[in-house]
Amino acid sequence: MSHLGNIVCRISSLKHLTQLHANLVYNSLHHHNYWVALLLKHCTRIGAPLAYARLIFNSVLCPNGHVFTSMLKYYAHLGAHDEVVSLFRQMQCRGVRPGTFVYPLLIRLAGNAGILFHAHVIKLGHGLDRYARNGIMDMYAKCGPVEVARELFDEMHERTLADWNSMISGYWKWGNEVEARILFDMMPERNVITWTAMVTGYAKMGALKSATRYFNEMPEKSVVSWNAMLSGYAQSGFAEEALRLFDDMMNTGVQPNETTWVIVISSLSLHGDPCLADSIVRKIDQKKIHLNCFVKTALVDMHAKCGSLETARKFFDELGVFRNSVTWNAMISAYARVGDLTSARELFDKMPEKNVVSWNSMIAGYAQNGQSAMAIELFKDMTTTEDSKPDEVTMVSVLSACGHLGALKLGNWAVNILSENHINLSISGYNSMIFMYSRCGSVEDAKRIFQEMVTRDVVSYNILIAGFATHGHGKEAIELISKMKEEGIEPDRVTYIGVLTACSHAGLLEEGWKVFKSIQVPAVDHYACMVDLLGRLGELEEAKKLIESMPMKAHAGVYGSLLNASRIHKRVELGELAANNLFELEPYNSGNYILLSNIYASAGRWEDIDRVRATMRTVGVKKTIGWSWVEDKGKMHKFIVGDRSHEQSEGIYRILSELGRKMRRDGYTADKSCVLRDVEDEEKEEMVGTHSEKLAICFALLVSEAGAIIRVVKNLRVCWDCHTAIKMISKLEQREIIVRDNNRFHRFSNGLCSCKDYW
DNA sequence: GTAGGGTTAG
């Protein structure tokens, strides 16, 4: 027995626990209530896996109150509410009556199931026990309705300190700062828990000044108080302040506990400095601190964010059965962040119990790495599973993916899901809706959502301004600057990029200059926008002068604008100048070679085009593939040049040749200056050619209802030849065709296009 | 045996 006692004292891992268990089995003690209860207690403490705890529990024949209680605690600790309820019922069936202390425990840990227990407690006549009474009140304070908790509180003849504290933390939980403070001020006496609750409350709402005031005023501080203050800084993103406070804490002589380490490590993840991360790892090693799964998970995240993925993975693998869902999620999002979607998906599929965050991480991973269609696909899987319901974060990714695709029907479907699931939106939720609508070509809806918002931030404005810019609404974009200033929101770098782009697309030269001059310290991007604006309108000398006057080095965007302007105005020498700079700055961007070739083509300098082609071959740069896509019945259909892989290809090409005949009849000839075309064997094709946007439009003509608006998205610029062709199609077919290319909308109807910036 | 602090996703 004393041998067993020694083992029990040393239990700090699953290995020790299994040793003890094996020992008990050897001594035939594993049926005994005493030992089973003890084993289960340790299971809870070290977070042993569910299957193992169940094995231990099931080995006892007649569990007594202690065993049941230990198992209940284990389930409650896991947050397995259903198991708690069913085990409690089992306990009643077996006629095991637990001591009164079980009730507050269950009520506290069982969350919403607590109401069930409330009834039981009353029935069993424990209603007046002060622990049970506090437990019930605390349950209502935490799970709501908090008013019921207040009723119980008011009914009490004498209140303990714990009752006051429960009530205060209840109010904080529901964001009621006023009531929390009133109670705090009314209290006859306070303890460290009361003070800490106030610090936590203010820290969680981001009111760090108030939090600090209470923290400094409190008569005594515990580790928990320090942790509350630390996490306040960490949660608000003030990593450096948190680390400074941690130093203060160490100097005061307070021993950090595991929670402290979790907070400190997560602050370091925020900070992202590998050196600091290393130093904390060394400190932990030196102090031989016991690392629980929370600390290890924090370490996984920290290494992923500022060390290396390999180290993170090593910690992840080492955790083995101690991994919880957060550990998995941290690792999944680590892979997703760096774009390693294969590894992320592998873990995601392997993960035993996924929660919302798992889904969100994976969906966001796809959405942020240009895999919008996959993001939506995965979201559809999510809606068919029982385990997790989408939340705001999910929908932000989904809406953003719909926006990138330009899938309006899918976007509307996502908006419906928002209301069906009663998902409340914060500013970023509304922002993603504005983004979706404006990228899907529906500026009116984007504007409507923007106006509906009660509070907006700089991002809301920037998204709407960018939306106006892509639609060529220059004046409206400019107006938003003064509107945001009236609202007390300062325009930032991105705001001005949007407004200047809008001026450029709308041809507003004077207004653009005025905006540019109002920027206090213009960045390179602002110069690039200005060069674009001047260049498009033919002020090429002025544009060149502006580049020469720049206080900083010009980047590719600046020369890109100049090159594009040279193409528009057929200025060979200026184009060569811009192109040569670009070939140095970004030798692998094929677009620059194409633009230069087009300039040569317009001047009839065909041998120079061959030279550009040769350079491309030497450098090894391949022409970027252009693709277009169209939404039909919630599905995206994607086309590349000369695509014949679509199942309705036959119909598409039939429409294409019919259109070709009609257009030739009306005097259409393919533009020869459109050299280095997508298709190599151009002669073989029917007149309209096979550019992807034309195929996409023909597909839409084939499947959509007569008169419906056709929406096509293209990843590159719509070429001049296509632009002409689509104008003719819109007139011939009497259809409105909206094409979004990489930065603007073209709205074709009755032979005209809305864009004012296309030459 | 009551009340306060922790890791992941946009």
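Visitor: What volume does the largest cavity have?

Guide: About 60 Å³. Keep in mind that this is a predicted model.

Visitor: How many cavities of 30 Å³ or more are there?

Guide: The count comes to three. As background, rolling a probe the size of a water molecule over the atoms shows where empty space is left.

Visitor: Back to the largest cavity. Which residues line it?

Guide: The lining is made by Gly406, Arg439, Cys440, Arg711, Val712, Val713, Ile738, Arg740 and Phe745. Two elements give two or more residues each: β3 (710-714) and β4 (737-740).

Visitor: Which element gives the most?

Guide: That is β3, with three residues.

Visitor: And by class, what is in that lining?

Guide: Five residues are nonpolar, one is polar and three are charged.

Visitor: New topic, then. How many Å separate the centres of domain 1 and domain 2?

Guide: Taken over C-alpha atoms, the centres are 23 Å apart.

Visitor: How many residues are in contact across the two domains?

Guide: On the domain 1 side there are 28, and they touch 17 residues of domain 2.

Visitor: What area do they bury between them?

Guide: About 1900 Å², with 52% of it on carbon and sulfur atoms. Within domain 1, Leu405, Arg439 and Thr470 lose the most area to domain 2. Together they make up 23% of what that side buries.

Visitor: Show me one. What does the side chain of Asp317 meet in a salt bridge?

Guide: The side chain of Arg313, at 3.1 Å from N to O.

Visitor: Why are Asp317 and Arg313 separated by about one helical turn?

Guide: Because they are four residues apart in helix α20, which covers residues 309-319.

Note on methods: Residues are numbered from 1 along each chain as its sequence is written. Chains are lettered from A and ligands numbered from 1 in the order in which they are written. This is a predicted model: local features need pLDDT of at least 70, side-chain atom pairs count only at pLDDT 80 or more; totals for chains, interfaces and linings use all residues. Side-chain values use heavy atoms; hydrogens and water are left out. On a 1 Å grid over the protein atoms alone, a cavity is a set of points where a 1.4 Å probe fits but cannot get out, and a pocket is an open set with protein on both sides within 12 Å along at least five of seven lines; lining residues have an atom within 4 Å of a point. Grid points are joined across faces, edges and corners, and a volume is the space filled by probe spheres set on the points. Ala, Val, Leu, Ile, Met, Phe, Trp, Tyr, Cys and Pro count as nonpolar, Asp, Glu, Lys and Arg as charged, and the others, Gly among them, as polar. Domain bounds come from an automatic or database domain assignment. Contact means heavy atoms within 4.5 Å. Buried area is the accessible area (1.4 Å probe) that two parts lose on being put together, summed over both. A salt bridge is a side-chain nitrogen of Lys or Arg within 4 Å of a carboxyl oxygen of Asp or Glu.
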